[in-house]
Each structure stands twice: as C-alpha cells, then as structure tokens.
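Please look at the model before reading on.

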Amino acid sequence: MSLRQLPPIEKIDDPIKYAEALVKCAKSCSYFIQMFTGWESFDYNKVFLDCYDRFIVYRTGRQVGKSTNAGIKAIHFAYFAPLFASNIPTGVANVVIASLSKDQAHLILAKISEFVHMSPTLSKKIKKEIKTELTLEWYDGTGVTNFIVRPIGDTGDSLRGFTVHMAILDEAAYIPESVFNAFLPSTVTTKPKILLTSTPKGKSGKFFKSCMESHTIYEHGIPRILQTNKDKYPWTQFHVTTYDNPLAASDPILLKLI
C-alpha cells in the first residue's frame, strides 16, 4: 500500500499529533472511521455515528447504509471499549450482533471485517477471525472485544450465556417480542448500549414500541424533541429514508417508481 493510499491516521508521524487525533477519534465515531479507513460518511449518518445515547432506534428505508453504519458504530465501541463499556474487569467486552436469520446477522459482521481490514492499525489488532466471530484488541492494548454473531430464531435461546456490552439487533421489527423479553434481562449487569435497526413493519412489536417511546427523533440529521421524560421515553430515534441518500437522490426516475 502506497503512502498516498494510506488512511490519514497512518500518515501522522508526530506522537503528540497522533495522540491528539486519537482523542478526537474517541469522541467522534465519524471522525474515527474517516481517519482510520478514509471512509467519508453522509452527513445524516455522521449524526447517527456520533450519537452516544444508550438506547438507539435506527429506523430506515432501503439502501441508506444501515448495515454499514451499524458496523462502523460497533467497531468504534469495540476499539475504545475501556472508555464506553461497563463492567469489564476481565479485560473482555462483547458486542453481540443478532438477527432473525444467519445470513442477515453475518452481513453486519462482514461489514465490520471489511472496515477493519481497510485500516493497517486495526488489522494488526485482530486477535481472532472466523465466519461468526472476530476479536479486536483495544486501543490501549489492555483487553479485547469479541464481535459475536448469532441468528435469533423464534426463541432467542442462541443469545443466552453472553455478557453483553453492546447489542445490535438487526431487522428488529421482525424479531418476536418474546425474544426481547428473554434477552434484555440478561444484560442488566453491564448497562449495555442497545441498537435496534430495521425497516418498519406495522404498528406492533418491540421495535414499534421503541419508536413510540423515543424522546428525540432525528430526521434528515436534525433533532426534534418529542418528550422530555427520558425515563419514560428512553429511546433516541433516527429516521432515515431512501430519499435521504444522495446516491438515491441522483436517480429521480427510479425514486418516482419507488
């Protein structure tokens, strides 16, 4: 890889400037992925990436970068886990990625692997990589984060037994509410970040309830306050449509058909 092709972080030789950039990367996920891989996110997704609220609903249309941006958010959390995760005395954090089907669950892990391998620094931090798991060493070398992929099925039994520090439930609108009821109680010791991503499906289920229990909704990257009681309305919602994607907006004929 030539110097011109290297991501920006790899070109910083001065240790003080590198440390300053790393601090900024920890504070901004969108800046982190740009510096470590050269990836430039759309503005509406930068707002999503840089949101550190604990409970997030990512309600999207098709082709808006749902899997890509969920994966980027997971990498950022994993790399800086000592700063974001709770209850990691053993030096191990877990990011659990789950969906109804095995193929859908693997899609986000594939995105994670793709971005990690785009960065020479992150690539060197890989401790283990197989089809269903990837282990990444923390930025300070004091521990690791496991990315664990599991299909949920109808019961959610495959999610039992993990200490979860971040959970990504993909296509959450299609996950039975009984799975949420079985899974969420297992996370109480770690205060995990929970991200629900999905295209909508009717006015029922946990995903719909989470949308309705949102205190803020971001549309076109702009926040709109819905409720002030965050205890009763704990979710932060991002509503992104296909029309928000500049690449889709450049094809008005197809959008008209949609």
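The model is predicted. Ten strands form an open sheet with mixed pairing, in the order E3-E4-E5-E2-E6-E7-E1-E10-E8-E9. Strands E3 and E9 are the edge strands, and each pairs on one side only. From one strand to the next, the twist averages 15°. Strands E2 and E6 pair in the parallel sense over four bridges. Ile97 stands opposite Ile168 in E6.

Helix H4 packs on the sheet, where it touches E1, E2, E4, E5, E6 and E7. Helix H9 lies across E1, E7, E8 and E10.

| Helix | Strand | Angle |
|---|---|---|
| H4 (66-79) | E6 (166-170) | about 170° |
| H9 (205-212) | E1 (55-60) | about 105° |

Which residues of H9 are buried? They are Lys206, Phe207, Ser210 and Cys211. Seen down the axis of H9, these buried residues fall within an arc of 140°, so they line one face of the helix. Their cover includes strands E1, E7, E8 and E10, together with helix H8 (177-183).

The last item is Ser119, in the loop between helix H6 (102-118) and helix H7 (120-124). Is Ser119 buried or exposed? Ser119 counts as buried because its relative accessibility is 0%, and the cut-off for buried is under 20%. Apart from neighbours within four places in sequence, Ser119 is in contact with Glu10, Phe36 and Thr37.

Terms used
Residues are numbered from 1 along each chain as its sequence is written. This is a predicted model: local features need pLDDT of at least 70, side-chain atom pairs count only at pLDDT 80 or more; totals for chains, interfaces and linings use all residues. Side-chain values use heavy atoms; hydrogens and water are left out. Helices (H or I, at least four residues) and strands (E, at least two) are DSSP runs, numbered from the N terminus. Buried means under 20% relative accessible area, exposed over 50%, partly exposed in between (1.4 Å probe, protein chains only). Contact means heavy atoms within 4.5 Å. The arc is that of the directions from the helix axis to the C-beta atoms. Two strands pair if DSSP finds at least two bridges between them. Axes are lines fitted to C-alpha atoms, for helices over the stretch in contact, and angles run from 0 to 180 degrees between N-to-C directions.
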